[in-house]
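Please look over the chain below before reading the notes. They go from the whole chain to single residues.

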Amino acid sequence: MELNGQLLLTVLMGVFLVGVAAWLARIENWRSYTPLASGGVAAGETGEAHEEKPGGIVRWLTTVDHKDIGMLYGTYAILAFVVGGLMVMLMRVELIDPGQSIIENTFYNSLLTSHGITMLFLFGTPIIAAFANYLVPLLIGADDMAFPRINAIAFWLLPPAALLIWAGFFPIENLLPAQTAWTMYTPLSAGVGSGTQANAGVDLMLLGLHLSGVSATMGAINFIATIFTERGSKVTWANLDIFSWTILTQSGLILFAFPLLGSALVMLLLDRNFGTTFFAVDGGGSILWQHLFWFFGHPEVYILVLPPMGIVSYVLPRFSGRRLFGFKFVVYSTLAIGVLSFGVWAHHMFATGMDPRLRASFMAVSLAIAIPSAVKTFNWITTMWNGQLRLTTPMLFCIGFISNFIIGGVTGVFLASVPVDLVLHDTYYVVGHFHYVVMGAIAFAGFAGLYYWYPLFTGRMYQRTLGKWHFWLSMVGTNVTFFAMILLGYGGMPRRYATYLPQFASLHQVATVGAFLIMIGQIFWVYNFVVSWIDGPRVEDGDPWNLDEYGMKTGEWQWLERRIDTSLAVPDGGEEADPEAATDGGRRVDDGGSPGADVDTDD
């Protein structure tokens, strides 16, 4: 009887899926589908979408337009950012008092795990995909992504991934959230012992992570194919913009890193559910997991930071009144970071008792990877040197990025040294260093991009005063919070603990005050963006930042200008666009340089 019921349910689900497919086929003429450059609604129209593209919710469920998908990625990432932020605020409130006061230690561990995974996999990677989807085709003169439907599929894998990762927090009987931390170290994550980590909530989290990795890999293949094959006729490797260079490098890293994570996750799921012994064995099993995880995990840091570096390299010159200094060397350093990032993973494992000769080699490469990062930093500073600086909100966030990245980078160099790392390993020093890079640098670059391209996304301008309040609250809060964590690490405070010795209470309270400043800043940001999108002043021309005055106007603003001038949807690429105009590379091809010529202009 039970088997017949399951069979009937399977048949009903099949009929339902066929019905959904038929309905979608009826409402959408897939063969004649043509993405619109305006995102589906012609400029100047209200309420009704173009006849070739449905309106309302159907538009967003069926779109393959790269700009629509970019907006979906952005909305998804911001929602994940809010969820992850609320998780960490609850943790910081708990840490005000040395003892257990508000939440149980097990729930604290659950929040710790989900906060890390949410910020890295559900916010960090998707917010970069949002920028890349919207902007890369505009910048390189392409009509759309190389594989528009695969682009849509890559996004729609992410909502179920989030539901699986957060499933343990839902009120489902006998389901508990994972408490493994984002690194999922075995044997804890393998469910060994009498603890709670054999629960299905961990399995669902692992499956959600696997889905997010598949999504990222599909997107990476699409970006590589788009940049290689869909560039406009005037866009060469010599004058390809710096943001597209970083997306190309990031996509290459994803192709090598994420499939390895997926394989390790499958092995872990097999250990948990089918009795295999990849990691759940005495001896080297737990070390094998660390090697596989960190071979993905350290390139993941650069997967997250390279595109933000590209955003800063792209936006900073616009408000410095001069082109990016040493463009070629910024590109070379990007490629160098991509290569070196796969040779440093074991610096996370210095305390595991590995062979001292191996530790020395990984220490050398870990110190060496700081060099291309320093090249970028000095190029950004030199770009501003004697420039005509305009301290707009995007520029403030770029400067904040550089400041925080220097602190995060220098503290990382200390951790690359074996004797220092053995003292500071698994203390709050590591948390402070990592968050200086993730929040102080990556998020700041994301905000710089969001403010800079806000008129492009929305056709309106945000409230400038609120934008600067957002910056200063975030900048002060970031440094108060994470510098306090660095000091906690020097004092010996271990990470991942909900309770601690009373001697650490003062610095934890300072860190919590800083976290509240960060949260207040993000409230300003969300309010500003939502209200301005509804009621902000409309952009009257395609140059809201007065870039023409400095000779810095680029392809995406030319597209916006044509869109406003014609009040009609126009192609993203083709012969109309001039995407190489005012590129970061300096000399244009039609200014006398050959397509392969040296385009570096440092004057």
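This is a predicted model: local features need pLDDT of at least 70, side-chain atom pairs count only at pLDDT 80 or more; totals for chains, interfaces and linings use all residues.

Residues are numbered from 1 along each chain as its sequence is written, and side-chain values use heavy atoms, with hydrogens and water left out.

**Overall make-up**

- The chain has 19 helices and 0 strands; helices (H or I, at least four residues) and strands (E, at least two) are DSSP runs, numbered from the N terminus.
- Of the 603 residues in the chain, 56% are buried. Buried means under 20% relative accessible area, exposed means over 50%, and partly exposed lies in between (1.4 Å probe, protein chains only).
- Among contacts in the chain with a separation of 6 or more, 80% are between residues 24 or more positions apart. A contact means heavy atoms within 4.5 Å.
- The chain exposes about 24800 Å², and carbon and sulfur atoms supply 67% of that area. Accessible areas come from the Shrake-Rupley method with a 1.4 Å probe, and for residues only the protein chains shown count as cover.

**Backbone in the loops**

- The peptide bond from Thr186 to Pro187 is cis, and its omega is near 10°. Pro187 sits in the loop between helix 6 (158-165) and helix 7 (200-229).
- Asn174 is also placed in the loop between helix 6 and helix 7. Asn174 has a phi near 65°, which is a positive value in a residue other than glycine.
- Is Asn174 buried or exposed? Asn174 counts as exposed, because its relative accessibility is 64%.
- Asp426 has a positive phi too, near 60°, and is a residue other than glycine. Asp426 is found in the loop between helix 14 (418-424) and helix 15 (428-452).

**Surface patches**

- Patches are made of residues with over 30% relative accessible area and no salt bridge; like charges are joined within 9 Å, and nonpolar side chains (Val, Leu, Ile, Met, Phe, Trp, Tyr) within 5 Å.
- For charges, Lys and Arg count as positive and Asp and Glu as negative, while His and the chain ends are not counted. The place of a charge is taken as NZ of Lys, CZ of Arg, CG of Asp or CD of Glu.
- Glu540, Asp541, Asp548 and Asp565 form a negative surface patch. Glu540 is in the loop between helix 18 (505-535) and helix 19 (555-566), and its relative accessible area of 65% makes Glu540 exposed.
- A nonpolar patch on the surface is formed by Phe378, Ile381, Trp385, Ile406, Val410 and Phe414, which together have about 620 Å² of accessible area. Helix 12 (370-384) and helix 13 (393-415) are the elements that give two or more residues to the nonpolar patch.
- Which helix gives the most to the nonpolar patch? Helix 13 does, with 3 residues.
- Ile406 is placed in helix 13, and Ile406 counts as partly exposed because its relative accessibility is 38%.

**Salt bridges**

- A salt bridge is a side-chain nitrogen of Lys or Arg within 4 Å of a carboxyl oxygen of Asp or Glu. By this rule there are 7 salt bridges.
- Arg59 and Asp68 meet through their side chains in a salt bridge of 2.8 Å, N to O. Arg59 is buried at 13% relative accessible area, and Asp68 is buried at 1%.
- Asp355 and Arg357 form a salt bridge whose closest N and O atoms are 2.8 Å apart. Asp355 is partly exposed, with a relative accessible area of 28%, whereas Arg357 is exposed at 66%.
- Asp426 and Arg496 form a salt bridge whose closest N and O atoms are 3.4 Å apart. Asp426 lies in the loop between helix 14 and helix 15, and Arg496 in the loop between helix 17 (464-491) and helix 18, so the pair ties together parts that are 70 residues apart in sequence.
- Asp426 is partly exposed at 32% relative accessibility, and Arg496 is partly exposed at 26%. Salt bridges that share partners join Asp426, Arg495 and Arg496 into one network.
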